[in-house]
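Here is a short note to read beside the model. Keep the sequence at hand as you go through the points.

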Amino acid sequence: MAYYRAVGELPRQRHTQHRDPDGRLYREELMGEEGFSSDSSLLYHRGVPSAIVASEVWELPEQRTVPNHPLKPRHLRLHALETGGDAVVDRRLVLGNGDVRISYVATGTTSSAYYRNAIGDECVFVESGSGVVETVFGVVPYRAGDYVVVPRATTHRWVPAEASRLYAIEANSHVAPPKRYLSRCGQLLEHAPYCERDLHGPSSPLLDYGSDVEVLVKHRTSSGVVGTRMTYATHPFDVVGWDGCLYPYTLNVDDYMPITGKVHQPPPVHQVFEGRNFVVCNFLPRKVDYHPLAIPVPYFHSNVDSDEVMFYVAGDYEARKGSGIGLGSISLHPGGHPHGPQPSAIEASLGVEAFDESAVMVDTFAPLELGEGGLAVEDDAYAWTWASDPAGG
């Protein structure tokens, strides 16, 4: 985030004494990216933010993946995936590589564990449901259609007001708006499909006085992704104020303005975020191509440098009609194999003026492997549907 925000009680100048009404000194914590060389925020704690009284192993859910070998397109039915109700502990790994992991969870209404991802930022898409994410920066409400972006190492927990379906994109890097949307000083430009007023962060501190608080920390070692259960002497949510350009926020797809053209536009016009070696795009209800001979559905294409993952959220996705894909489905179209619409969908799309569809796409620049959750809900017939389509020749 390149947009300054100030919340709660702050001293007039940074790195100067800031005391409570009884004269006790608040403790500063600078939370920053890239070793003091990128975005940061300065938080003021009542307690000592590094005071832990215990550190134990947290046994993560299965994190191993298997290659997409032999190579083929895949269809994964996420609504058939059984999960527990904790938005953190019960995530099941669907797809992953060394840059990004995609997990899925259907929650209940019980608050999650306190959690911190020390590997990278999280971008969690809310397929359905509502509630709040309590964080060290304050409370961030969420609703269906939100991307909830949580910076690396932010202590937080999910508090659903209703059962929620969460599609978690966990990066090994930071997640930010695409650089081409930004001015040299970081402002979103006029051609960007969203702007600063569409991004919603915490507006007030969240103060809690608990002690001996357990926080689940996801981190990396030479053996891969692991977990640690840390117990803090004072509650992490003891921040009386903070300011800076690093904090959690939401962006709702209703506030995203799709870019359209005279003929079919390629996926980069639908981009919403980027991380290291991956991008996030969304395909939303929109008017489509207005050339008199336009073909509204995508052309067949070979993304030779990337794997493409599409999560089908709402509406009626024209290009996949007849494939077995429906709401809650994921398609994985790997690099090295051309893909495109079902043949019968091409003729059916001619003359269509608008698409009523919502989907979230992740393109990665390293091959994706299948997690245990993805393997559990695979539709084995999908790879052959182009050949079995009556319009396929």
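The points below cover the salt bridges, then one aspartate.

1. Ground rules. This is a predicted model, in which local features need pLDDT of at least 70 and side-chain atom pairs count only at pLDDT 80 or more, while totals for chains, interfaces and linings use all residues. Residues are numbered from 1 along each chain as its sequence is written, and side-chain values use heavy atoms, with hydrogens and water left out.

2. Salt bridges overall. How many salt bridges does the structure hold? There are 14. A salt bridge here is a side-chain nitrogen of Lys or Arg within 4 Å of a carboxyl oxygen of Asp or Glu.

3. Arg64 and Glu62. These two form a salt bridge, with their closest N and O atoms 2.8 Å apart. Arg64 is exposed, at 64% relative accessible area. Glu62 is partly exposed, at 31%. The cut-offs are these: buried is under 20% relative accessible area, exposed is over 50%, and partly exposed lies in between (1.4 Å probe, protein chains only).

4. Glu170 and Lys218. Here the closest N and O atoms of the salt bridge are 3.0 Å apart. The pair links distant parts of the chain, 48 residues apart: Glu170 sits in strand 15 (residues 165-171) and Lys218 in strand 16 (residues 211-221). Strands are DSSP runs (E, at least two residues), numbered from the N terminus.

5. The network. Glu170 and Lys218 also belong to a network of salt bridges, together with Arg91, Arg101 and Glu122.

6. Glu357 and Arg286. Their salt bridge has its closest N and O atoms 3.1 Å apart. Again the pair links distant parts of the chain, 71 residues apart. Glu357 is in strand 26 (residues 357-364), and Arg286 is in strand 22 (residues 286-287). Glu357 is buried, at 2% relative accessibility. Arg286 is buried as well, at 13%.

7. Asp307. Look for this residue in strand 23 (residues 307-315). Asp307 is buried, at 6% relative accessibility. Leaving out residues up to four places away in sequence, Asp307 touches several others, including Leu332, His333, Val362 and Leu368. Contact means heavy atoms within 4.5 Å.

8. A side chain meeting the backbone. Which backbone nitrogen does the side chain of Asp307 reach? That of Gly335, at 2.8 Å.

Definitions and conventions:
Helices (H or I, at least four residues) and strands (E, at least two) are DSSP runs, numbered from the N terminus. A polar contact is a pair of N or O atoms within 3.5 Å; within protein, one must be able to donate a hydrogen and the other to accept it, and residues adjacent in sequence count only if both atoms are side-chain atoms.
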